[in-house]
Amino acid sequence: MSEAHQKLVVDGVSVRLGGNEILREVSLAVAEREFICIIGTSGGGKTTLVRAIGGLLPIETGTVLLDDTPVVDPIPRISMVFQHFGLFPWKTVRANVEYGLTVQGRTDPDGRVDRLLEIMHLAHVDKKYPHQLSGGMKQRVGIARALAVEPELLLLDEPFSAVDAITRELLQNEVLQLWERNERMSGVLITHDIDEAILMADRILVISGPPGEVSLEVPIPIERPRSAHSVRSHPAYPELRERLWSALQAGGKTALEAA
Amino acid sequence: MTTAVSGSVDHTAQPAQASRQRRSGPRTLSPSVKWMLRLSSVAAILLAWEIYGRSINPILLSYPTAVANAAADMMADGTLPQALSESLVVLGMGSLIGVSVGLTVGLFAGRSQIVAALLELPMNALYATPSVALIPVIVLWFGFGPTAKTVVVMLFVLFPVLINTMRGVQEVDAALIEVARSFCSRERRMWRDLIFPSAVPYIVTGLRLAIGRALIGVIVAEFFTAFAGLGNLIVTNANQFRTDRMFVPIVVIALFGVLLTALLEWVERRIVRWHGDG
């Protein structure tokens with residue numbers, strides 16, 4: 001990990017919103033092609049952290065660096081998948097997927113949008129509007145839209161928490177496979193689901209708060225390609241889960257005391 | 001019709017967001033049945049009017065066939081076309097200015113808290129004041145000619161459009177603004193992708209209110225001011241107890257209102273396709 005190039009460096013970032021300290025001196029790094037998961041209890045500041053990384057929130061102190069360049073505003077090299085999909089109801093599926101390219105004044109010379117519609121099983125609904133889709137389909141559109149701009153860093157803010165359990169597992173697998181084929185992207189996934197984090201991540205950070213701080217960092221030694229089954233039957237799995245669970249519980253306690 | 005049925009129907013109803021687009025209940029009537037019902041209600045009203053109108057003094061209440069005859073006379077002698085064109089010019093000019101100003105100011109006020117704060121009190125005061133109360137002042141300033149009438153229509157139209165447009169822009173989903181920002185959209189681009197489309201249903205509501213108010217505006221203005229237009233036709237015929245002729249401009253206005261509303265609904269269906277066809 002140390003010899004790999006650090007794609008994203010978050011250095012001592014504190015965020016204050018409306019007088020409340022949400023994040024306190026959070027530091028982390030993500031290597032090229034690395035996928036990390038940030039887990040934490042609700043209200044712990046993990047959503048704030050991912051927005052700070054995406055340049056959507058003002059940072060009080062510290063820096064966010066992508067390839068050593070500070071991120072203060074959203075940049076095209078970072079894209080985001082949102083918990084509540086964030087699709088434009090008046091745009092068709094295709095127009096939603098093309099959205100990032102369009103607003104950034106870019107074209108699609110290699111038929112990337114078509115390919116993504118195909119990969120995400122959306123080709124047959126490309127002329128439909130979001131209200132005609134199921135939750136799982138909507139999030140497929142959200143993921144395709146984020147991938148269409150070919151980001152170097154993909155941020156996923158609890159992308160599977162608004163869909164039912166079966167759809168969630170299907171989507172997790174799709175993103176997992178997508179990830180294992182990917183050649184240059186780094187990823188940060190926010191979740192409160194320990195199993196999801198172990199399944200997807202190269203490394204897991206536990207954020208506890210408020211104010212949010214990194215309370216635990218664990219590498220996941222399970223080799224890829226992974227599946228839900230291979231992960232759960234891996235010898236390291238029970239101990240990993242136990243460690244993450246206790247760290248989350250400790251975080252939950254501080255959240256309760258602060259409330 | 002039982003409560004049990006309507007209760008179970010509620011569960012299958014579409015989300016509230018789409019409800020403004022839905023004219024009928026969950027069990028949709030076919031278009032031909034709808035049209036039959038619409039026309040038969042009109043026919044029933046006309047028939048009842050005809051029968052009752054014939055039984056009483058024609059000065060108090062004329063009846064449809066007499067009104068139709070009067071309309072033919074007024075077409076022939078040119079009074080109706082002339083009054084209609086006078087009213088339409090005022091209506092068109094006043095609405096055009098009122099809608100343009102209302103839309104423009106509404107869009108800016110919706111997006112800028114400064115503009116909204118500056119406008120809030122004077123706008124609410126003017127909106128709450130019955131616009132009719134302003135007509136004598138307007139006549140004092142602009143005289144009895146078409147200018148004063150145009151100003152009245154403009155004022156009647158302005159506020160519903162402005163307030164609804166402003167509200168529409170303010171109600172833009174903050175989550176979508178964040179999406180747009182995360183994809184590095186510029187403010188100007190956001191108007192096209194986000195702010196305007198999500199304000200359209202509110203703007204249409206504003207326009208629908210404006211149609212009614214514009215018609216009120218032009219008629220009331222013509223009551224108060226110069227001897228022209230459909231409003232004047234109503235007053236002069238009423239004063240001469242020519243009730244059948246008095247009803248002609250009233251019917252014309254009613255038809256006009258129905259026509260404009262239908263036109264607006266047609267335009268709305270063409271623009272707002274994204275949740276009408278589910």
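**Backbone geometry, sheet and chain contact in a predicted model**

R33(A) is partly exposed, with 16 other C-beta atoms within 10 Å; by the cut-offs used here, 20 or more other C-beta atoms within 10 Å of a residue's own make it buried, 12 or fewer make it exposed, and anything in between makes it partly exposed, with C-beta atoms placed from the backbone. The structure is a predicted model, in which local features need pLDDT of at least 70 and side-chain atom pairs count only at pLDDT 80 or more, while totals for chains, interfaces and linings use all residues. Residues are numbered from 1 along each chain as its sequence is written, and chains are lettered from A and ligands numbered from 1 in the order in which they are written.

The backbone of R33(A) deserves a look too: although this residue is not a glycine, its phi is positive, at about 70°. R33(A) sits in the loop that links strand 2 (20-31) to strand 3 (35-39) of chain A; helices (H or I, at least four residues) and strands (E, at least two) are DSSP runs, numbered from the N terminus. D67(A), likewise not a glycine, has a positive phi near 50°. This residue lies in the loop between strand 4 (61-66) and strand 5 (69-70) of chain A, and it is partly exposed, with 14 C-beta neighbours inside 10 Å. A further feature of the backbone is the cis peptide bond from R224(A) to P225(A), whose omega is near -5°. P225(A) belongs to the loop between strand 10 (213-219) and helix 7 (228-232) of chain A. For context, most residues other than glycine have a negative phi, and most peptide bonds are trans.

Turning to the sheet, 4 strands of chain A form an open sheet in the order 2-1-4-5, with antiparallel pairing; two strands count as paired if DSSP finds at least two bridges between them. Strand 2 and strand 5 of chain A are the edge strands, each pairing on one side only. Within this sheet, strand 1 (residues 6-17) and strand 4 of chain A are joined by 5 bridges in the antiparallel sense, and V10(A) stands opposite V64(A) of strand 4.

Finally, the contact between chains involves 20 residues from chain A and 15 residues from chain B, where two residues are in contact if their C-beta atoms, placed from the backbone, lie within 7 Å. On the side of chain A that touches chain B, strand 6 (78-81) and helix 2 (93-103) of chain A each supply at least two residues. Helix 2 of chain A gives the largest share, 3 residues. The residues on this side of chain A comprise 12 nonpolar, 8 polar and no charged, with Ala, Val, Leu, Ile, Met, Phe, Trp, Tyr, Cys and Pro taken as nonpolar, Asp, Glu, Lys and Arg as charged, and the others, Gly among them, as polar.
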